[in-house]
Amino acid sequence: MSKVLSKDGTAIAFDKLGHGEPVILVDGALCSRAFGPLPNLAKLLAPHFTVFNYDRRGRNESGDKAPYAVQREVEDIEALIAEAGGSASVFGTSSGAALALAAAANRANIKKLALYEPPFVAGRRKGRGAPPDSEMQLRRLVDQGRRADAVKFFMVDMVGMPAIFTYIMRILPVWPKLKAVAHTLPYDAAVLGDFSLPRERAASVAVPTLVMGGEKSPVELRGAVEAVAQTIPGAKLQMLKGQTHNVDVKILAPVLVDFFAA
């Protein structure tokens with residue numbers, strides 16, 4: 001594990017694996033270098049690239065500073081790009097895809113951009129969307145020390161999971177890991193805003209971009225993936241057979257290798 005200082009002095013922890021052109025991985029909500037799909041994805045990409053897998057600020061071994069702003073997380077990515085030699089390809093998944101998109105729109109020195117299901121309409125069921133005050137509600141729960149309730153609000157009210165799943169998850173080993181990073185859920189809510197597609201931001205992206213989704217994901221997410229691909233100039237769209245929002249990294253890795261190495 002190594003650390004790099006972001007623009008505001010926050011230490012961002014990262015692992016560096018492999019050799020070759022640099023690729024930076026950007027996690028979604030509730031994940032870190034210690035938990036989630038990206039550690040395994042990093043291992044699969046390492047034979048082809050130098051992979052930077054990092055803890056988003058406030059998670060695991062990365063630092064944090066108040067007040068939070070999405071721009072600070074963009075600066076974290078820019079600091080990693082500088083550490084990688086001044087330019088890098090970037091992959092983001094879920095809310096991490098929305099953050100990677102924001103970095104590209106901010107003119108970070110990104111060679112190629114790959115996005116998996118930025119959830120701009122995540123959680124919409126039967127016309128219901130995430131509450132417009134999601135960030136405020138999450139901050140209130142976190143400030144009150146109600147981390148379990150924050151995780152439940154995110155999963156049920158924002159993502160749209162049946163409430164019963166959160167009660168089942170409470171008895172599983174994963175639950176303490178989710179609560180450990182629950183205080184960063186307001187950050188993901190800030191990145192996603194009102195969950196609508198930031199068309200102006202997407203239209204300003206000027207790097208080769210691959211937008212991916214799962215063929216078995218909810219229709220709302222598939223529609224969002226298509227809209228993102230249509231809005232980013234020259235973007236390629238690829239739907240992965242048999243995949244959902246929780247993509248199998250063994251299916252995802254070869255697609256990323258082909259795109260980043262082309």
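**Helix H11 and beyond**

Modeller: At the start of H11, the backbone nitrogen of Lys250 has a side-chain oxygen of Asp248 within 2.9 Å. Please bear in mind that this is a predicted model.

Biologist: How far apart are the end C-alpha atoms of helix H11, and what should its residues span?

Modeller: The end C-alpha atoms of H11 (residues 249–261) are 17 Å apart. This agrees with expectation, because 13 residues at 1.5 Å a residue should span 18 Å.

Biologist: Which residues of H11 are buried?

Modeller: In H11, the buried residues are Val249, Leu252, Ala253, Val255, Leu256, Val257, Phe259 and Phe260.

Biologist: And what do the buried residues of H11 pack against?

Modeller: They pack against helix H1 (38–45) and against the strands E3 (22–26), E5, E6 (110–116), E7 (209–214) and E8 (236–240).

Biologist: Turning to Ser87, where does it lie?

Modeller: Ser87 is in the loop that runs between helix H2 (70–83) and strand E5 (88–93).

Biologist: Is Ser87 buried or exposed?

Modeller: Ser87 counts as buried, because its relative accessibility is 18% and the cut-off is under 20%.

Biologist: Which residues does Ser87 touch?

Modeller: Leaving aside residues up to four places away in sequence, Ser87 touches Pro22, Ile81, Asn109 and Lys111.

Biologist: New topic: which residues form the nonpolar patch on the surface?

Modeller: The patch consists of Ile164, Phe165, Tyr167, Ile168, Ile171 and Leu172, and together they have about 610 Å² of accessible area.

Biologist: Where is Leu172 found?

Modeller: Leu172 sits in the loop between helix H6 (163–169) and helix H7 (174–180). Its relative accessibility is 38%, so Leu172 counts as partly exposed.

Technical notes
Residues numbered from 1 in each chain as written. Predicted model: local features only at pLDDT ≥ 70, side-chain atom pairs only at ≥ 80, totals over all residues. Heavy atoms only, no water. Patch = residues over 30% accessible without salt bridge, like charges linked within 9 Å, V, L, I, M, F, W, Y side chains within 5 Å. Areas by Shrake-Rupley, 256 points an atom, 1.4 Å probe, with all protein chains shown as cover. Salt bridge = Lys/Arg side-chain N within 4 Å of Asp/Glu carboxyl O. Helix = DSSP H or I, 4+ residues; strand = E, 2+ residues; numbered from the N terminus. Buried < 20%, exposed > 50% of the residue type's maximum accessible area, 1.4 Å probe, protein only. Contact = heavy atoms within 4.5 Å. Expected span 1.5 Å × (residues − 1). Polar contact = N/O pair within 3.5 Å; in protein donor to acceptor, adjacent residues only side chain to side chain.
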